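Hello,

Here is the structure I promised to pass on. Please have it open while you read; my notes follow below.

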Amino acid sequence: MGLRSPCAHSVGQSPRVSSRQGHSKVPSSPDTIRGLSRPTTAPLLCTTMLGAVCLVPAVPPQLSSRVVGGEDAVAHSWPWQISLQYSRSGSWYHTCGGTLIAPQWVLTAAHCISSYMTYRVVLGKQDLSEDDEPGSVAVGVEKMIPCSPGQGPCSHGQGPWFLSPCSNDIALIKLAEEVQETDTIRTSCLPAAGNILPNDYPCYVTGWGRIRTNGPLADALQQALLPVVDYETCSKRDWWGSLVLETMVCAGGDGVVSGCNGDSGGPLNCQRDDGIWEVEGIVSFGSGLGCNVAKKPTVFTRVSAYIDWINEVGAPSSAPRGCSCPTEGLTVTPPVSFRQKMSAN
């Protein structure tokens with residue numbers, strides 16, 4: 001599982017459609033429901049967005065101590081992983097990953113979405129090449145809410161995100177309807193606000209991104225072990241330097257394993273000591289030199305820096321007021337050409 005190629009589009013801009021358009025989907029409506037599994041009961045383990053219940057996977061992931069370039073995940077062992085797909089010429093194409101964090105809410109990267117595109121979210125998927133996969137559901141999108149900076153401290157919906165000192169590459173997608181949790185579809189737990197993982201903490205990135213630099217998108221969901229690289233190391237000049245803020249988290253950097261184009265928006269899955277999985281990061285960017293570059297780990301938006309914003313946006317009684325810039329690490333980030341975005345387009 002390699003890091004994806006560059007994606008230069010930002011919120012409010014139409015993504016560039018390459019000749020390799022990803023996985024074609026059946027020409028159905030955004031609200032097509034396919035093969036819903038029977039709901040199951042499981043012990044309640046913790047809560048996530050606005051008190052939504054998150055459960056352990058019905059199918060535990062098989063975790064390797066060493067992963068070279070990634071591997072096929074056990075089917076439905078990451079049941080909160082979603083495929084964000086856009087419509088073009090009557091077909092659907094994978095562009096980014098994301099995480100189900102409540103029955104009607106998905107967490108993804110801000111650079112993955114555009115107001116000019118029509119999207120759907122596909123849940124319960126393992127193989128993107130299989131149109132009618134048992135346990136999968138395709139749901140339309142009601143609205144998309146990027147945590148976009150503007151004039152002042154991160155006013156909602158203004159300005160290209162990558163030119164702000166905040167660089168909030170995070171967005172929430174509200175689904176057109178709530179989804180029922182099953183063996184193949186479950187919400188992920190969120191970390192505690194402000195949580196910082198120690199250096200070398202073992203986490204897993206998951207997605208359908210390119211399996212190598214400029215290579216094809218994966219059909220089967222991939223997983224790869226990416227140990228956390230702490231801010232002190234990741235911000236060194238020969239690593240990412242000032243491009244990395246304290247509102248981000250780095251993982252990987254061995255030159256072998258990484259995220260890649262098409263993984264953008266997907267989760268960095270980290271297991272707590274008590275066995276609960278949390279989504280600690282959102283795939284954001286990687287090196288423009290290629291997906292697997294030594295000392296250029298995959299960079300994720302740190303979810304724990306945005307817990308208050310996530311809950312504020314999801315509150316039914318409040319209109320989105322935009323994100324408040326976290327106070328740490330506010331330095332101006334260079335334009336996107338210095339790095340690569342990792343959506344499939």
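Which residue in S14 is the bridge partner of Asn269? Val279 is. Keep in mind that this is a predicted model.

**Strand S13 and its neighbours**

Start with S13, which covers residues 267-271. Four of its five residues are buried, so the strand is mostly covered, with buried meaning under 20% relative accessible area. On one pairing, S13 meets S14, residues 277-286. The two run antiparallel and are joined by five bridges. They form a hairpin, with five residues between the strands. Gly275 sits in that turn and has a positive phi of about 95°.

S13 also pairs with S10, residues 202-207. Three bridges join S10 and S13, again antiparallel. Here Tyr204 stands opposite Asn269.

**Nonpolar cores**

In soluble globular proteins, nonpolar side chains tend to be buried together. The largest nonpolar core in this model has 40 residues. Leu84 and Ile310 have the most contacts inside it. Several elements each supply at least two residues of this core, among them S4 (81-88), S8 (137-146), S14 and helix H2 (307-314). S5 gives the largest share, five residues.

There is also a second, separate core of 14 residues. Its members include Leu226, Leu268, Cys270 and Phe300.

Most residues other than glycine have a negative phi. Two residues here go the other way.

- Asp200 has a positive phi of about 75°, although it is not a glycine. It is found in the loop between S9 and S10. Is Asp200 buried or exposed? Its relative accessibility is 53%, so it counts as exposed.
- Lys295 has a phi near 65°, also positive and also in a residue other than glycine. Its place is the loop between S14 and S15 (298-302). Lys295 is partly exposed, because its relative accessible area is 36%.

That is what I have on this model for now.

Best wishes

Technical notes. Residues numbered from 1 in each chain as written. Predicted model: local features only at pLDDT ≥ 70, side-chain atom pairs only at ≥ 80, totals over all residues. Heavy atoms only, no water. Buried < 20%, exposed > 50% of the residue type's maximum accessible area, 1.4 Å probe, protein only. Pairing = 2+ DSSP bridges. Core = buried A, V, L, I, M, F, W, Y, C linked by side-chain atoms within 4.5 Å.
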